Amino acid sequence: MSRILVIDDDPTVTSVLKRGLAYEGFTVDTAGTGAQGLAIARDHVPDLVILDVMLPGLDGFEVLERLRSADAEFPVMMLTARDGPADQVRGLDGGADDYVVKPFTLDVLVARVRALLRRREQDAPEVLRFTDLSLDTGTRRACRITRDIELTATEYEVLRQFLLHPRRVLPKHFLMDRVWGYDMKGSSNVLEVYVKQLRQKLEANGEPRLIHTFRGAGYVLREE
């Protein structure tokens with residue numbers, strides 16, 4: 001039975017989530033502040049955290065940073081009314097595995113929770129390669145020829161999808177579904193930000209471009 005920790009200062013939200021997730025068979029802990037949530041996560045390590053951004057005291061971004069600095073490996077789902085692309089990029093770059101905007105549908109949120117837990121269970125270390133690019137799924141580090149490339153959590157997930165499907169045109173909705181577990185409708189510019197960041201890192205020493213835009217269709221990993 002997976003343990004879920006919900007950190008949100010809205011008692012209505014925590015009540016709905018606790019009732020709905022418990023009905024689906026999860027054990028649910030709740031916290032109304034970031035500090036309380038960190039204490040619970042330390043004493044009763046969760047399998048997944050659902051985290052609001054706008055919290056009294058420590059906000060959700062600070063809580064996320066502290067969780068990741070403590071090497072917490074469990075998935076974190078941001079659940080917030082802040083729907084701007086900059087906020088989404090900040091959360092995902094900070095180590096969040098999903099970013100859900102309020103108001104939400106309980107059934108969809110539960111499906112995302114299950115998807116994150118499945119992804120965690122299915123991940124197995126291996127090295128993915130394409131031409132002179134490699135990605136170690138155990139250390140989450142990329143290498144171009146002999147140059148190590150540090151990646152954020154979301155950059156890693158996007159690059160992994162390209163390496164799992166080389167030379168195949170990947171539509172934006174496919175990448176968003178595989179990386180974030182759902183179709184981020186209206187937020188494809190967030191994906192564009194990550195593709196741009198990946199290109200800059202992969203081509204930092206003047207290496208040939210590997211991630212190409214297929215106009216009107218998506219992106220493809222192929223030789224120049």
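Q: Which residue is the bridge partner of leucine 135 in β8?
A: As a general idea, strands of a sheet pair through backbone hydrogen bonds, either parallel or antiparallel. In this model, which is predicted, leucine 135 has alanine 142 of β8 as its bridge partner.

Q: What is the pairing in the open sheet of five strands, parallel or antiparallel?
A: There the pairing is parallel, and the strands follow the order β2-β1-β3-β4-β5. The edges are held by β2 (27-31) and β5 (98-101), each with a single partner strand, so one side of each has no neighbour in the sheet. Within this sheet, four bridges join β1 (residues 3-7) to β3 (residues 48-51), and isoleucine 7 stands opposite leucine 51 in β3.

Q: Which strands do helices α2 and α3 lie across?
A: Helix α2 (residues 34-43) lies across β1 and β2, running at about 145° to β2. Helix α3 (residues 60-69) lies across β1, β3 and β4 (76-80), running at about 175° to β4.

Q: At what angle do α2 and α3 pack?
A: The angle is about 20°, and the axes are 10 Å apart. Since angles under 35 degrees count as roughly parallel, α2 is therefore described as roughly parallel to α3. The crossing of the two helices is right-handed, and the contact is made by Gly34, Leu38 and Ala41 from α2 together with Val63, Arg66 and Leu67 from α3.

Q: Which residues have the most contacts inside the largest nonpolar core?
A: In soluble globular proteins, nonpolar side chains tend to be buried together. Here the largest nonpolar core has 51 residues, and Leu51, Met78 and Leu159 are those with the most contacts inside it. Helix α8 (residues 188-202) gives the largest share of this core, namely six residues. Apart from it lies another core, of 17 residues, including Phe26, Ile50, Leu79 and Val100. If we set aside neighbours within four places in sequence, the residues in contact with methionine 78 include Leu51, Phe61, Leu64 and Tyr99.

Q: Where is the cis peptide bond that has an omega of about -5°?
A: This cis bond joins lysine 102 and proline 103. Proline 103 is found in the loop between β5 and α5 (106-122).

Q: What is the phi of arginine 140, and where is arginine 140 placed?
A: Although arginine 140 is not a glycine, its phi is positive, at about 60°. Arginine 140 sits in the loop between β7 and β8, and its relative accessible area of 33% makes it partly exposed. Arginine 167, also a residue other than glycine, has a positive phi near 65° and is placed in the loop between α6 and α7 (172-180). Because exposed means over 50% relative accessible area, arginine 167 counts as exposed at 53%.

How values were computed:
Residues are numbered from 1 along each chain as its sequence is written. This is a predicted model: local features need pLDDT of at least 70, side-chain atom pairs count only at pLDDT 80 or more; totals for chains, interfaces and linings use all residues. Side-chain values use heavy atoms; hydrogens and water are left out. Two strands pair if DSSP finds at least two bridges between them. Contact means heavy atoms within 4.5 Å. Axes are lines fitted to C-alpha atoms, for helices over the stretch in contact, and angles run from 0 to 180 degrees between N-to-C directions. A nonpolar core is a set of buried Ala, Val, Leu, Ile, Met, Phe, Trp, Tyr and Cys residues joined through side-chain atoms within 4.5 Å. Buried means under 20% relative accessible area, exposed over 50%, partly exposed in between (1.4 Å probe, protein chains only). Angles under 35 degrees count as roughly parallel, over 145 as roughly antiparallel, 65 to 115 as roughly perpendicular and the rest as oblique. A crossing is left-handed if the near helix is turned anticlockwise from the far one by less than a right angle, and right-handed if clockwise.
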